[in-house]
Amino acid sequence: MQVAIRVGRLAQKLGVHRNTITNWINSGKLQATATVGKKYLIDKNLFLIFCREHGISENILQELIEIGPASPTGDDAITPTFHPKPKEVPMSAKPIGSVLVVGGGIAGMQATLDLANSGYYVHLVEKTAGIGGAMAQLDKTFPTNDCAM
Amino acid sequence: MNVNLLTLSEVVDVSGEIGNFSVKVKQHPRYIDMEKCIACGLCAQKCPRKVDDEFNLGLNQRTSAYIKYGQAVPLKYAIDGETCIYLTRGKCKACEKFCPTSAINFEDQEQIIDLQVGAVILSPGFKPFDPSGFDFYGYRKIPDVVTSLEYERLLSSSGPCMGHLVRPSDHKEPRSIAWIQCVGSRSTNRCENGYCSSVCCMYAIKEALVTAEHTSGDGVRQTIFYMDIRSHGKDFDRFYEDAKAKGVRFIKARPHTIEAGKDNCGVTMRYACEDGKIMIENFDLAVLSIGLEPTADGKRLSDLFQLNLNQYRFAKTSDFSPACTNRPGIYVAGAFQTPKAIPRAVTEASSAAQEAATALIHARGDLTRSKTYPAERGIEGQEVRVGVFVCSCGINIAGIINVDEVARYARTLPHVALVENNLFSCSADTQEMMAKKIMEHSLNRIVIAACTPRTHETLFQETLQETGLNPYLVEMANIRNQNAWVHQREPEMATRKAKDQVRMAVAKAALSVPIERTKVSVVPKALVIGGGVAGMQAALSLADQNFQTVLLEKSDQLGGNAWKVNTTDQGEYIRPFLEKLIGRVESHPAIEVLKNARLTSAKGSVGSFTSEIQVNGASRDLTYGVAVLAVGGRETTPAEYLYGEDPRVVTHLELDALMRDDSAGLKKAKTTVFIQCVGSRDERRPYCSRICCTHSVKAAIHLKDLNPQMNVYVLYRDIRTYGEREDLYRKARDLGVIFIHYTPEQKPLVGREGADLTVEVFDPILRLPVSITTDRLVLAAAMEANDSKDLVELYKCAANADGFLNEAHPKLRPVDMAVDGLFVAGLCNYPKPLNETIAQAKAAAARAAVILSQTEMTLDAIKSFVTDKCDGCALCLDVCPYRALTLTDYQAGDGRTHLRMASDKALCKGCGLCSATCPKGGVYVHGFTMDQLRAQVIAALEDVA
């Protein structure tokens, strides 16, 4: 059986961004065919298998059909039923002992130092000419009023 | 050394899977050769092109050749290709003409760099909300309306007004300043940021307090307009109370319009008080407390890496693994995941590092290197030959101080064998030259007259090591920061002072002796104390990194508080997670679980602790390199509101139990009332328990879901549903839950009228007392730490006044403890929800792994040592802040036993308090012995005499 689903509504139900759903569809992870009115046709069984594989409550489909089209404002908050289950990827014979860190703010710097000091080579990629991020712009930090530098 | 820093770069492509990703990084041209640049700043001085300085948010200007800020890393200039006159119009090259090291390279090209990595951590940060779309606040139209980040720059001594606060309109010092909270947060009306940004309340209070330090005289008036004050972190509530005591005015109102004041200076604000009165007030300056938004880079990265984002475009993660994304091997950290303050960003960054390290455990150490030096040569018995290197630091020093004169003078000093003047002593080629001179002239003591040892001593120490000299034979005279920079108007006096500084340094250096760095071998084993989620997670994360771990639990069951809570803040069920976690911990080959166990002694220091443990009455010894303290916390028993007297009055955990076991009973209630802050934020516990607001709101929603007809009231002081928990608060209000604000002066009154349970509270909007007859009263009882006094005593670590174990630094080292080798996680550190507990536990494992992954640790050599003159008077014992000194028996040569102090090199930090206290020269610090200091003082006074 084919059911029609709106990407926005599904995204709202799963608490993810609608582009994420589009990505799933485009990558073939979620099999769906585009139809009129920004709707997608999904085979019910395939969708249920998808739900099971990704730890999504199977009731979602029922809710999507029963509730019908999405309210445009999306006033209800995230329904936290979505548990993205990491795929068990067989790791290549031996992993590479280096890590890429993107962003040289306080978080990126801390992750870099911890890894570099415990046996991993780190490539730290920063967009601007120097690291430090937003914290460097602060005068003092609460609650000790220490200098942010 | 094991970090490849790629600035001006962005990731443009990625492929592969966990363990083996191929990444393409595009590096934009810097136009300045990093190898050659010595950060003298001449290029920026000569550059004629002025553009807005984005670091100071456009409050002032920089040149096209620029450095982000004074302390930037890497400390190298860059040329902004989009504005540079030469690069845009083909003429100028002023910088190239003046650069003393020919570092300018206009031929620099964009490069694509291919990287092979095993894992990726994304931390693109946040974007400060831009309030220019809110016409009613007049930002960018009214000169004296600034954002909080701009205000931060106005206060900063490295900011556009050097820390002398002035307002933009007339450059006068503002006397009354108003902050407006929640600009671009907690709003779905004018923007789409329904979440709370978590940090703005605290930074506004901080700015208000710091303002007093930046203005002249008394009488500056600070007003903060807020909806709820969210000071939900450790010691944050004290900070808030302190601000109130210091006269910062807090008004619960949201000004709806800001207009320019007279002559376009200052602002006029209209706002409605809680009682409905409309107020009009003038301020000299208005600060908009802007929220944190996801960045466009975050969006781009999530598309590139195919990551799930949530509805606000923050990275979507589970409460059980806050750093993991939907793609294995790709982790997130910082504000990209959700808005958060610095300590959480740091903690979660460490937890992301832990995830990456675990994933790549089989490749640990494959690509890292450590530096080796030639064997050290002894200098014993050699004549003292001091080499003095006087640095010009471009014009930084030479522009004020006559360096030639200082160099000439240095040649006349005793022991000096060689004097050189360098343009930049720190540049790579000077280092090579210096090493050569040391060998040629057989120098055995080095004096560098340049900048601060804080930033440069390590560099010079390494140069000495390259030549086989002990690194502690170098002495620095700071003639830049402590001289040239502060005496710019008195060049002659500055030159004289520089001579004094060099003479003192030479006198001290002549007495320097080689000092050996202590090496401690590391026992690759960890002890985790506490078998709750924090302890189990820390143990599991350590064991997954192949470190043997012993887990101590005082009771006979693992799991702790997590058994009593139903769901996480995002609504994920805890029980299945908990059962799985316990299963993994108990079956892990690298974890030894000891139940009914407690620690009775602790000796030693980082790398090698020894403890005695009592397990089921039997005692055994344990040696370990690090320990994680995760002894947990508990819900307190309320002493008010009829708790314990009426069965209808329950606490949060009791409510969770009812939800599990008696849904039908809960559903039958016509009315349920929640009272917040029961035992928190009062005199006895002057802190916020952080988790109760979210729990009440979540429970209220659950009750409304069970029975939409039920009347649900929440009586609160401030609702602190920080971050995306704000969605729950909004949802509860939409479902009809009624929130009534109360003050500690007018707390709700709970009583019984016949069989009825009644709650009376003053409603500030109605201006009337309201009486509610309720079927159930839920008390948000305070959280407190489990007693850790014995651990504090055994490990000589610290807890705060409220009994929570202290971290080494509240911002930058949130999981390390002040005692090296100890880490803290979970409720015993501060109340926190499960996702933060898990992140902290994983972070503790990551920080512990830094120590455990080494076979031996090298400690700094600047440590105290006890001399023959010590007679064991123990005066020094009390002053030592690190408890590094102990009183021991000492067998003298004549066979008699004396008392004498002993210093533990692993605990000592070389602060010198003992040495300053000792009346008899019984204890000194290496590198700062009495002889050396005396020689320095005599040298200082020579000129006076």
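Visitor: How many residues does the contact take from chain A and from chain B?

Guide: The contact takes 68 residues from chain A and 98 residues from chain B, two residues being in contact if their C-beta atoms, placed from the backbone, lie within 7 Å. This is a predicted model, in which local features need pLDDT of at least 70 and side-chain atom pairs count only at pLDDT 80 or more, while totals for chains, interfaces and linings use all residues. Residues are numbered from 1 along each chain as its sequence is written, and chains are lettered from A and ligands numbered from 1 in the order in which they are written.

Visitor: Which elements of chain A supply at least two residues each of the side that touches chain B, and what are the classes of the residues there?

Guide: Helices (H or I, at least four residues) and strands (E, at least two) are DSSP runs, numbered from the N terminus. On the side of chain A that touches chain B, at least two residues each come from helix 2 (18–27), strand 4, helix 5 (106–116), strand 5 (121–125) and strand 6 (140–141) of chain A. Helix 5 of chain A gives the largest share, nine residues. By class, this side of chain A divides into 33 nonpolar, 25 polar and ten charged residues; Ala, Val, Leu, Ile, Met, Phe, Trp, Tyr, Cys and Pro count as nonpolar, Asp, Glu, Lys and Arg as charged, and the others, Gly among them, as polar.

Visitor: How many bridges pair strand 4 of chain A with strand 9 of chain B, and in which sense?

Guide: Strands of a sheet pair through backbone hydrogen bonds, either parallel or antiparallel. The rule used here is that two strands pair if DSSP finds at least two bridges between them. Strand 4 (residues 98–102) of chain A pairs with strand 9 of chain B in the parallel sense over four bridges, with A:Val102 and B:Leu122 as bridge partners. Strand 9 of chain B also runs parallel to strand 20 (residues 330–332) of chain B, to which three bridges join it, and B:Val120 stands opposite B:Ile330 there. Another pairing between the chains joins strand 5 of chain A to strand 1 (residues 3–6) of chain B, again parallel and over four bridges, and A:Val125 has B:Leu6 as its bridge partner.

Visitor: Are the faces of strand 9 of chain B covered or uncovered?

Guide: In a regular strand the side chains alternate between the two faces of the sheet. In strand 9 (residues 119–122) of chain B, B:Ala119 and B:Ile121 lie on one side and B:Val120 and B:Leu122 on the other, and all are buried, with both faces covered. A residue is buried if 20 or more other C-beta atoms lie within 10 Å of its own, exposed if 12 or fewer, and partly exposed in between, the C-beta atoms being placed from the backbone. By that count, 47% of the 149 residues of chain A are buried.

Visitor: At what angle do helix 1 and helix 2 of chain A cross?

Guide: Axes are lines fitted to C-alpha atoms, for helices over the stretch in contact, and angles run from 0 to 180 degrees between N-to-C directions. The axes of helix 1 (residues 7–14) and helix 2 of chain A come within 8 Å and cross at roughly 110°, which means that helix 1 is roughly perpendicular to helix 2 of chain A. Angles under 35 degrees count as roughly parallel, over 145 as roughly antiparallel, 65 to 115 as roughly perpendicular and the rest as oblique. The contact is formed by A:Val7, A:Gly8, A:Leu10 and A:Ala11 of helix 1 with A:Arg18, A:Thr20, A:Ile21 and A:Thr22 of helix 2 of chain A.

Visitor: What is the angle between helix 13 and helix 24 of chain B?

Guide: The axes of helix 13 (residues 491–510) and helix 24 (residues 930–942) of chain B come within 8 Å and cross at roughly 150°, so these two helices of chain B are roughly antiparallel.

Visitor: What order do the strands of the five-stranded open sheet of chain B take?

Guide: The order is 34-41-35-36-37 in chain B, with parallel pairing. Strand 34 (649–651) and strand 37 (738–741) of chain B are the edge strands, each pairing on one side only. Inside chain B, five bridges join strand 35 (residues 671–678) to strand 36 (residues 711–716), and B:Phe674 is partnered there with B:Val714.
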